[in-house]
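Here is a friendly walk through a structure, meant to be read with the coordinates open beside it. Please load the model in your viewer and follow along.

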Amino acid sequence: MTAAGGLALIGRPVLAALAALGRIALYAGQTLLAALRPPFYWREFRMALLQVGWLSLPVVGLTALFTGGALALQIYAGGQRFSAEAVVPQIVAIGMVRELGPVLVGLMIAARVTSSIAAEIATMKVTEQIDALVTLSTNPMQYLTVPRVLAGLFCVPVLVAIGDIIGIMGGFLVGTGQLGFNRATYIQNTVDFLEAPDIVSSLVKGAVFGVIATLIGCYHGMQSGRGAQGVGAATKTGVAAAAVLILAANFILTSVMFGQ
Amino acid sequence: MIELANVQKAFGANRVLQGVNLTIPKGTSMVIIGGSGTGKSVLLKCILGLVRHDAGSITLDGQDVTTAPRDAFLARFGMLFQGGALFDSLTVWENVAFRLLRGAGRLPQEEARAIALEKLRRVGLQPRVADLLPAELSGGMQKRVGLARAIAAQPEIIFFDEPTTGLDPIMAGVINDLIREIVVEMGATAMTITHDMTSVRAIADNVAMLHDGLIRWTGPVGSLDSADDPYVQQFIHGRATGPIAAVR
Ligand SMILES: Nc1ncnc2c1ncn2[C@@H]1O[C@H](COP(=O)(O)OP(=O)(O)O)[C@@H](O)[C@H]1O
Ligand SMILES: [Mg+2]
């Protein structure tokens with residue numbers, strides 16, 4: 001392979017990804033404009049809150065609980081080698097709140113919410129319901145996208161906070177039940193160690209991931225091709241794109257908030 | 001009055017509309033006939049701006065549809081989609097009353113529901129279907145709900161995409177009468193796509209036949225039978241042989 005050929009091989013997907021990113025940024029801009037103009041569809045917003053927030057609670061809770069428990073076991077095992085097993089409460093807390101809580105909740109929302117939004121809107125597109133909205137003088141951006149993205153913005157930080165707490169609880173259960181930590185000390189250490197910036201960063205990440213997950217779901221739904229195949233492709237691409245963007249955004253946010 | 005001049009639309013290599021010229025005078029009923037896949041639905045969508053045409057011009061009362069203020073423009077239209085296009089998360093009556101419940105001239109729930117029930121009655125549906133979801137209805141019933149939704153806000157211009165497809169002959173007759181009534185009594189301008197020759201004769205003032213991306217023939221419904229165009233003759237008599245290929 002020639003050097004130019006090799007470069008082209010790398011360059012093409014990079015260019016395609018940049019173009020896609022550009023279109024998503026444009027879509028985000030349109031969403032913002034649509035959100036600032038009346039009308040606001042309260043009923044759709046309430047339904048989105050239910051869908052994005054409330055119905056995601058079980059999956060978020062379970063994921064966080066098991067991960068917190070596993071984290072405690074690993075930190076204990078790793079810490080033992082340096083006789084530092086006492087740091088379990090502190091590291092579980094910081095690990096959950098700064099990274100795992102937001103990332104896990106973000107990925108679960110991508111799996112649950114991005115997929116269902118993309119499939120629902122793509123089906124509406126394929127069955128001409130989006131066209132019907134337009135002919136009924138209703139802007140699809142205002143009616144479909146804005147309520148869902150706002151629900152992501154408001155709900156996901158709350159889900160992350162709940163995930164953080166349940167994750168720490170998972171660590172607590174394993175720590176006190178299996179690793180011999182004292183209950184009061186465990187809680188005391190956790191509370192003393194966490195600082196306001198940790199919690200703020202967790203919530204900020206949640207808000208960003210919530211917007212990404214819902215926006216990408218709407219975008220890929222609206223872009224859907226025709227037929228059942230179009231709906232399937234929109235869903236698959238939407239979930240993959242949301243997951244990658246959430247992880248990329250997490251890296252950027254961590255670098256900005258905690259980088260040296 | 002709606003005027004189309006040299007309207008063209010292609011999807012990739014598929015040149016669907018290749019220079020359509022057509023005039024629909026205000027308050028008249030135009031019926032578009034033509035084989036399936038010839039671009040009849042695309043033509044309606046171009047007029048509404050749901051699909052952007054590549055070339056040519058479409059004007060409504062002299063104003064270009066692509067530059068007309070969107071909200072005011074769309075407020076004049078009602079459209080029945082070929083597949084019904086009902087919102088499946090809303091009940092039947094909420095679908096019918098969709099426009100009445102939203103926007104500047106929004107009505108109270110009770111009033112909107114009463115109008116929805118009245119429109120449902122006019123398309124031959126009983127009040128008990130009002131609280132069902134679209135998925136609980138048969139295809140023909142969904143079509144009629146779509147029709148009720150299209151006429152609910154009494155638009156001046158109404159497009160019907162295959163309104164009687166999937167209906168039994170009696171119900172088709174009811175719908176034909178309804179469309180005719182809307183044009184004659186409410187003075188609406190109507191464009192209807194249909195394959196059903198009974199419908200054509202019941203609904204149309206004028207007929208246009210779309211074939212190969214062009215209006216092949218157009219004229220008053222009275223002169224349809226005496227049209228000396230072999231394409232029209234093959235179509236209206238449903239012959240398998242003739243200038244229109246049976247394999248498309
Ligand atoms: N959104 C679209 N993308 C690509 N092709 C389309 C689209 N809409 C319609 N077509 C194509 O345009 C042609 C005409 O379609 P249509 O107007 O639905 O036909 P009909 O006359 O039966 O209503 C068909 O070949 C169809 O495949
Ligand atoms: Mg059609």
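This is a predicted model: local features need pLDDT of at least 70, side-chain atom pairs count only at pLDDT 80 or more; totals for chains, interfaces and linings use all residues.

Residues are numbered from 1 along each chain as its sequence is written, chains are lettered from A and ligands numbered from 1 in the order in which they are written, and side-chain values use heavy atoms, with hydrogens and water left out.

**Chain A**

Let's start with chain A, whose secondary structure comes to nine helices and zero strands; helices (H or I, at least four residues) and strands (E, at least two) are DSSP runs, numbered from the N terminus. Along the sequence the pattern reads α-α-α-α-α-α-α-α-α. Taken along the principal axes, the C-alpha atoms of chain A fill a box of roughly 65 × 60 × 35 Å. Chain A has 260 residues, of which 47% count as buried; here buried means under 20% relative accessible area, exposed over 50%, and partly exposed in between (1.4 Å probe, protein chains only). Among contacts (heavy atoms within 4.5 Å) in chain A between residues at least 6 apart in sequence, 86% join residues at least 24 apart.

**Where the chains meet**

The size of an interface is often given as the accessible area lost when the parts come together. Between chain A and chain B, the buried area is about 1600 Å², and carbon and sulfur atoms give 57% of that; the term stands for the accessible area (1.4 Å probe) that two parts lose on being put together, summed over both. Chain A brings 16 residues to the contact and chain B brings 23 residues.

Six residue pairs, both at pLDDT 80 or more, are in polar contact between chain A and chain B. A polar contact is a pair of N or O atoms within 3.5 Å; within protein, one must be able to donate a hydrogen and the other to accept it, and residues adjacent in sequence count only if both atoms are side-chain atoms. On the side of chain A that touches chain B, the elements giving two or more residues are α2 (42–52) and α5 (129–135) of chain A. Of these, α5(A) gives the most, with six residues. That side of chain A divides into seven nonpolar, five polar and four charged residues, where Ala, Val, Leu, Ile, Met, Phe, Trp, Tyr, Cys and Pro count as nonpolar, Asp, Glu, Lys and Arg as charged, and the others, Gly among them, as polar.

**Salt bridges**

A salt bridge is a side-chain nitrogen of Lys or Arg within 4 Å of a carboxyl oxygen of Asp or Glu. The whole structure holds 17 salt bridges over all chains, and the count between chain A and chain B is three. Some of the pairs are listed here.

| Pair | N to O distance |
|---|---|
| E128(A) and K45(B) | 2.6 Å |
| R43(A) and E94(B) | 3.2 Å |
| R76(B) and E156(B) | 3.0 Å |
| D205(B) and R180(B) | 3.0 Å |

Which elements hold R43(A) and E94(B), whose side chains meet in a salt bridge? R43(A) lies in helix α2 of chain A and E94(B) in helix α3 of chain B, so the pair joins two chains. R43(A) is partly exposed at 32% relative accessible area, whereas E94(B) is buried at 15%.

Within chain B, the side chains of R76(B) and E156(B) meet in a salt bridge. R76(B) sits in the loop between α2 (70–75) and β6, and E156(B) in the loop between α5 (139–151) and β7 (157–161), so this pair ties together parts of chain B that are 80 residues apart in sequence. These two residues also belong to a network of salt bridges with K26(B) and D61(B).

**The metal site**

The magnesium ion (ligand 2) is coordinated by S41(B) through OG and Q82(B) through OE1, at 2.1 Å. S41(B) is in helix α1 (residues 40–48) of chain B and Q82(B) in the loop between β6 (77–80) and α3 (92–96) of chain B, 41 residues apart. Donors are N, O and S atoms within 2.8 Å of the metal (3.2 Å for Na, K and Ca); water is not among the atoms, so sites may look incomplete.

**Two residues of chain B**

T28(B) lies in the loop between β2 (14–24) and β3 (29–33) of chain B and counts as buried at 16% relative accessibility. Not counting residues up to four places away in sequence, T28(B) touches V183(B), A188(B), T189(B), A190(B), D205(B) and N206(B).

Q63(B) lies in strand β5 (residues 63–64) of chain B and is partly exposed, at 40% relative accessible area. With residues up to four places away in sequence left out, Q63(B) touches I58(B), A68(B) and P69(B).
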